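User: Could you take me through this structure, starting with how the chains meet?

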Amino acid sequence: MSNSASSSLYLDPQIRDWVLFPITIVMTLVGILRHYVTILLTSSPKKLTRAAIREQHALLRSQILRSTASNSPIPPTFYKSISASLSHDFIAGTYLKDGPPKDEGNDGAPQPPLNPLTNPEQMEGMMDGMKKQMVMMIPQMVIMGWINFFFQGFVAIKLPFPLTLGFKSMLQRGVETQDMDVRWVSSLSWYFLNFFGLNGVYRLLLGNDNSADSSKDLASTSPFGGTRSQPQAPMQAQDYGKLFKAERDNLELAEGLYNWSAKNVELRILRKFGKIPPAKA
Amino acid sequence: MATSSIEKLATWRARGTRVSEQIVQQGVMMLENGGLRKMGDEAWSFLEQLALASMDIGRLELADECIELLSEQFPGSPRVECLKGIRIEAENKPKEALEFYENALLEDEANPALWKRQIAVLRSQGSSFILRTVNELTKYVDTFYTDIEGWLELADIYAELNIYDLSLQTLAHVLLLASQNPFHVLRFAETAYTVGDVPLALKTFLRVIDMDDSAGQEGNATKRAWWGVKLAAARLLSFPNSPSESQTSLPSAEYLRLLNELAREQLTGTYFPTSVGGKVHGRDAFVAWLGK
């Protein structure tokens with residue numbers, strides 16, 4: 001009975017022409033527009049000074065050294081001297097962008113972390129993220145308002161395959177009927193389907209790394225979300241002085257793990273070529 | 001035809017193969033057939049490649065054309081700036097090139113490409129600029145610690161100046177950064193031998209052999225390392241009590257003897273494979289020359 005009831009429902013072709021297609025086309029066009037607006041808004045990556053890069057790479061140095069420690073390619077004397085000089089520099093603050101801290105006596109006192117809002121460099125980065133976020137949010141809000149206002153409660157399309165009842169809340173948002181077959185999709189749900197589904201179309205039209213897709217921005221809805229796209233620019237106020245001190249402890253730990261990879265290499269080689277009997281297990 | 005040359009050019013670009021003649025030949029054909037439009041966004045990296053290749057073989061007018069196209073598309077791009085600098089270098093005007101790079105670095109002092117070019121020009125100026133080269137290069141690797149090329153270049157300069165100690169220390173950083181490359185390890189070993197740290201050299205030569213896990217077919221690094229083992233082991237055997245400042249512990253005399261023997265066998269096997277059979281001319285002389 002329900003089968004015949006659902007098939008007795010007919011959609012006016014006008015709905016197809018004036019609701020279904022417009023929603024899809026508007027969303028595609030807005031996506032493309034957003035792509036180009038984002039390109040316009042993106043400021044060129046900020047130039048860093050040598051000192052800033054050095055500061056960022058300093059942690060990398062000790063991480064490289066530490067990560068090889070348990071099977072290190074370099075002999076003990078070399079390892080120790082590199083490790084010691086890094087520790088020394090971390091304490092002295094040689095790698096800090098603004099040079100070593102000046103007041104030696106006040107070294108132990110924790111310095112208050114910089115407020116990101118007072119630092120113009122970081123402010124700029126944040127504004128950038130915010131601007132992009134706005135470009136994402138505003139058109140989506142406008143389109144959703146438009147659909148809600150004009151097409152509220154419209155049934156826009158019938159899917160060509162049956163679905164279970166669980167999809168009802170996903171496909172028939174805005175249409176509060178108990179009995180309608182799940183295959184009917186409401187206009188608001190059609191909007192959401194497009195919202196998440198148009199990525200493939202954008203990729204086809206605009207290339208792989210386009211900024212038209214809005215669904216991926218849901219993951220980073222904070223205005224600080226720009227951090228991911230520009231790892232070069234220091235967005236957060238990182239207190240490198242503190243990081244370096246922590247890294248120094250790690251270095252000392254790693255020194256305990258140190259083992260030269262060539263420590264017993266002569267035994268390994270002699271065994272490999274059968275000059276001495278293999279080691280007992 | 002056109003697509004295959006696009007692919008070829010792309011592979012050369014990706015691998016950094018220096019086949020400038022062919023790149024220019026293919027590239028000119030592309031330009032004439034209007035292939036630029038067909039390439040889409042790839043066209044710009046192609047133009048960069050073509051510019052470099054044509055400067056390499058001295059077709060400066062072609063390079064100028066490419067650079068002009070590129071600077072129209074990307075005004076003020078540091079990558080194009082770098083090309084312009086190389087263009088000045090290509091005319092063999094190091095003074096002007098240096099000046100150019102210095103000015104460009106004033107704009108963007110932390111651009112690694114420009115900075116490296118500047119160092120390269122300094123290095124090519126020979127001994128009178130060597131102090132400045134070393135200064136700049138040390139500053140460079142201090143800033144961009146992970147640049148292996150920079151470290152290798154520095155090690156090379158130190159070796160050229162006979163400061164093998166420093167060269168060895170520089171190579172230690174290279175090893176930290178790329179511990180999987182046997183050629184770097186080999187270089188470390190050879191430098192250690194030159195410094196006079198024979199035990200360290202022996203260990204490191206053995207490490208190169210240890211890294212080679214291809215069964216049967218030895219890599220070139222391994223063959224050379226066997227020579228190193230032979231040299232080091234023989235020297236340690238013949239002067240067992242020679243004073244050494246090495247911090248590396250020495251293998252026992254028994255192991256040294258075995259290593260020496262093993263190295264002799266390996267080297268003989270390399271140059272006179274047993275599969276040839278029979279009496280091979282020169283084998284005895286070789287073995288005698290290797291010594292005990």
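Analyst: The discussion below covers the interface and then some salt bridges. This is a predicted model, in which local features need pLDDT of at least 70 and side-chain atom pairs count only at pLDDT 80 or more, while totals for chains, interfaces and linings use all residues. Residues are numbered from 1 along each chain as its sequence is written, chains are lettered from A and ligands numbered from 1 in the order in which they are written, and side-chain values use heavy atoms, with hydrogens and water left out.

User: How many residues of chain A and chain B are in contact?

Analyst: Chain A contributes 33 residues and chain B 40 residues, contact meaning heavy atoms within 4.5 Å.

User: And how many salt bridges are there across that interface?

Analyst: The rule finds four between chain A and chain B, a salt bridge being a side-chain nitrogen of Lys or Arg within 4 Å of a carboxyl oxygen of Asp or Glu. One of them joins Asp210(B) to Arg268(A), with the closest N and O atoms 2.7 Å apart.

User: New topic: which residue forms a salt bridge with Arg123(B)?

Analyst: Glu153(B) does, and the closest N and O atoms are 2.7 Å apart.

User: Is Arg123(B) buried or exposed?

Analyst: Arg123(B) is buried, at 17% relative accessible area, whereas Glu153(B) is partly exposed at 32%. Buried means under 20%, exposed over 50% and partly exposed in between (1.4 Å probe, protein chains only).
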